[in-house]
Amino acid sequence: MVAVDHLSLQLYTVRGKLEEDFDGTLARIAEIGYTKVEPFGVTAFADRLADALPKHGLSAPTTHAGLLRDEAGPIYAAAKRLGIGTVIDPHTDPARWQNADDIKVIADGLNKAAIEAADHGITVGYHNHQFELESKIGGAHGLEILVDNLSDDVILEVDTYWAAVGGADVPALLGKFGDRVKAIHVKDGDGTLNNKAQVAVGDGVIAVREILAAAPAALRVVELDDFTGEIFDAVEGSYTFLTGEGAPA
């Protein structure tokens, strides 16, 4: 089973709930049992997070922020204020993943960001979607080419669902990347691009147990991009599955 302190929730999952009741949503997340969350829009939500996280016994070890497209200074300031140690760039233009030279430019941007972030005591990471895996250059996934050009200071948060959708052997990929993978997005569904078909972890077709076993030290971050029912049912179902006897640590 996954230890509670090794489990987090990407707040994008409950973005609609946050719009309706920010404080109440974080209270519900804590009530389910989560002790960690992964914010998005950290500069916009910094004030509310600064109040609500400690109030509900939550911490945020990681956050998503567009370091390669937004001004980095306010992102680092918000992260430091909230005690966030790792800032993860969540998305790049799919068109930039069609040749090795363009991928190397992305790696260079992340490497430079990591140097700047280190001055603030912050680590930089990258999060994938499916297109970094769909792209194959010289027999290698685009994400593999990125990693080959990253400095040791840049970590990975592998979105295991989108990696599977992109055609990767996800456990093998995690094994290859090794200790660079500090976090993984754990999600489930029908293995297609249809976000509405995503479900609670353990209820879909993704080989979740094998994925967890392949990255034992990585923080497990639950996420659903969308869901057809009551989102908290899926959030709670994911928690129950991952902290139960059926999931490896």
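**Helix packing and core**

Mentor: Helices α3 and α4 are roughly parallel to each other, because angles under 35 degrees count as roughly parallel and theirs is about 20°. This is a predicted model in which local features need pLDDT of at least 70, side-chain atom pairs count only at pLDDT 80 or more, and totals for chains, interfaces and linings use all residues. Residues are numbered from 1 along each chain as its sequence is written, and side-chain values use heavy atoms, without hydrogens and water.

Trainee: Which residues of α2 and α11 meet?

Mentor: Thr25, Arg28, Ile29 and Ile32 of α2 meet Phe232, Val235, Glu236 and Tyr239 of α11, where contact means heavy atoms within 4.5 Å. This contact has five nonpolar, one polar and two charged residues; Asp, Glu, Lys and Arg count as charged, Ala, Val, Leu, Ile, Met, Phe, Trp, Tyr, Cys and Pro as nonpolar, and the others, Gly among them, as polar.

Trainee: Which residues does Ile184 contact?

Mentor: Leaving aside neighbours within four places in sequence, Ile184 is in contact with residues including Val158, Leu174, Ile211 and Leu219. Ile184 is also among the residues with the most contacts inside the largest nonpolar core, which has 81 residues. Such a core is a set of buried (under 20% relative accessible area, 1.4 Å probe, protein chains only) Ala, Val, Leu, Ile, Met, Phe, Trp, Tyr and Cys residues joined through side-chain atoms within 4.5 Å.

Key
Buried means under 20% relative accessible area, exposed over 50%, partly exposed in between (1.4 Å probe, protein chains only). Helices (H or I, at least four residues) and strands (E, at least two) are DSSP runs, numbered from the N terminus. Axes are lines fitted to C-alpha atoms, for helices over the stretch in contact, and angles run from 0 to 180 degrees between N-to-C directions. Angles under 35 degrees count as roughly parallel, over 145 as roughly antiparallel, 65 to 115 as roughly perpendicular and the rest as oblique.
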